[in-house]
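Q: I have a structure open and I'm new to it. Can we go through it bit by bit?
A: Fine, ask away.

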Amino acid sequence: MAKIKVYGHPISTATRLVLCCLHEKKVEYDFVLVELSAGAHKQPQYLALNPFGVLPTIQDGDLTLFESRAIAKYLAKKYEGQGTELLGNSLSEQALVEQWSQVEGQSFNSPASTILFQILFVPMSGGSTDEAAVEMNVEKLKKVLDIYEERLSKSKYLAGDFFSLADLQHLPYLDYLVTDCGKGDLISSRKHVKAWWEDISSRPAWKKATGKTP
Amino acid sequence: MAAIKVHGYHASTATVMVLCCLNEKEVEYELVLVDLPTGAHKKPEYLALNPFGVVPTIQDGDLTLYESRAIIRYLAKKFQGQGTDLLGSTLSEEALVYQWCEVEGQSFNPPALSIVSQILVVPMRGGSTDEAAVEMNVEKLEKVLDIYEERLSKSKYLAGDFFSLADLQHLPCTHYLVNACGKGDLISSRKHVNAWWEDISSRPTWKKVAENMKFG
């Protein structure tokens, strides 16, 4: 059976999410580099795979699939029974995984990605960080993380006492915020968020996804 | 068995998404009003159900669940085999449903909801519409709808030739854009998007919900 092909880039947060999921599920894949700096993601060849021109996209046999959260969900279902279970064991547990996955996508992602964009990517393209935008989004993120702190004081992971897609979805942006944006205090100042972060970021699959281990 | 309780507001896009899904799955429910205009969603009683202070939240037996897109997935799975199938028939079809659901949540909803918020909600609260913000978001939405036009020229619905959660997710915001924000041209100027919109918005399960979408 042909391996899954992942079209992506190693620094892309969404690509890292998918790679981490593949490692959690112990699924082999072929990585096809889409060179962002050369604008390859906006070229016709890539747009034929993903008309939105963003990373990543996977090919699994006849199926071409984009949107990292949808890809992670597909992998978690297709490979249920191998590697780490990521979806929860009952209908109610699965529902809570979906709930916290949506919280990540709808409430966490926007302020986190704006902070990352302003602090890391804007200067890289020769512009200057909009400090007011950073501050406004840090305030938004603090409110979200306060709710996480409350939740994680009662539950080891977001959806319950089991690691799931909901936790996994937070790895790429939190890693950048802590490691490259100097925003580690957002995590370290919240006791239960900190414990949760240290737990999930030390998972071998995450280290493999970021190339921190071979 | 107690009916599912939906804590929400009849004009809230996220609430009506859930109500439409309940109709599609032929599931009985009780709508418990959370009166947004008086700030009920920020009171301790509601925050105890949903700490994010947004609507809707459902209660189904022991389960309390929020995030409309998570609620509709739960309903679609729990009631698989009754009402409309909303998840596709195979693993690949289901994957495409989730793909287009993510497109709605990540690419369609932010600009669409911003436009609705600026044109409808801001004036209701005594402010004035930020026209520049509307224009910027209309441009973003046009690019997304161009991709939809291409997709829908090859596929009757977003995920394939079957109505799914992915199409359902688009109903609430598009309803306001077309009927309350004067942005119907975004849809009517695109042949296949227009045909798709006329199809999905004429579903009786949707019309029942849409007729109550008035503030106050």
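Q: How many residue pairs are in polar contact between domain 1 of chain B and domain 2 of chain B?
A: The count is 4 residue pairs, both residues at pLDDT 80 or more. Keep in mind that this is a predicted model.

Q: Which elements give two or more residues to the domain 1 side of that contact?
A: They are α1 (13–24) and α3 (68–78) of chain B. The largest share comes from α1(B), with 6 residues.

Q: And by class, what is on that side of domain 1 of chain B?
A: The side touching domain 2 of chain B has 7 nonpolar, 2 polar and 3 charged residues.

Q: How many salt bridges between the two domains?
A: Between domain 1 and domain 2 of chain B the count is 3 salt bridges. In one salt bridge of chain B, R69(B) pairs with E104(B), and their closest N and O atoms are 2.7 Å apart.

Q: Back up a bit. Where do the domains of chain B run?
A: Domain 1 covers 4–84 and domain 2 covers 91–203. Their C-alpha centres lie 21 Å apart. Domain 1 puts 12 residues into the contact and domain 2 puts in 16 residues.

Q: How much area do they bury between them?
A: About 1200 Å², with 64% of it on carbon and sulfur atoms. On the domain 1 side, T13(B), R69(B) and R73(B) lose the most area to domain 2, together 45% of what that side buries.

Q: New topic: chain A against chain B. How much do they bury between them?
A: About 2700 Å², 65% of it on carbon and sulfur atoms. The contact takes 30 residues from chain A and 30 residues from chain B.

Q: How many salt bridges across that interface?
A: The rule finds 2 salt bridges across the interface of chain A and chain B. E98(A) and R73(B) meet through their side chains in a salt bridge, 2.9 Å from N to O.

Q: How many polar contacts between the chains?
A: There are 8 residue pairs in polar contact between chain A and chain B, both residues at pLDDT 80 or more.

Q: Which elements of chain A supply at least two residues to the side touching chain B?
A: β4 (63–66), α3 (68–78), α4 (91–124) and α5 (131–152) of chain A each do. Of these, α4(A) gives the most, with 14 residues. The residues of that side of chain A divide into 15 nonpolar, 9 polar and 6 charged.

Notes. Residues numbered from 1 in each chain as written. Chains lettered and ligands numbered in written order. Predicted model: local features only at pLDDT ≥ 70, side-chain atom pairs only at ≥ 80, totals over all residues. Heavy atoms only, no water. Contact = heavy atoms within 4.5 Å. Buried area = accessible area lost by both parts, 1.4 Å probe. Salt bridge = Lys/Arg side-chain N within 4 Å of Asp/Glu carboxyl O. Polar contact = N/O pair within 3.5 Å; in protein donor to acceptor, adjacent residues only side chain to side chain. Helix = DSSP H or I, 4+ residues; strand = E, 2+ residues; numbered from the N terminus. Nonpolar A, V, L, I, M, F, W, Y, C, P; charged D, E, K, R; others polar. Domains from an automatic or database assignment.
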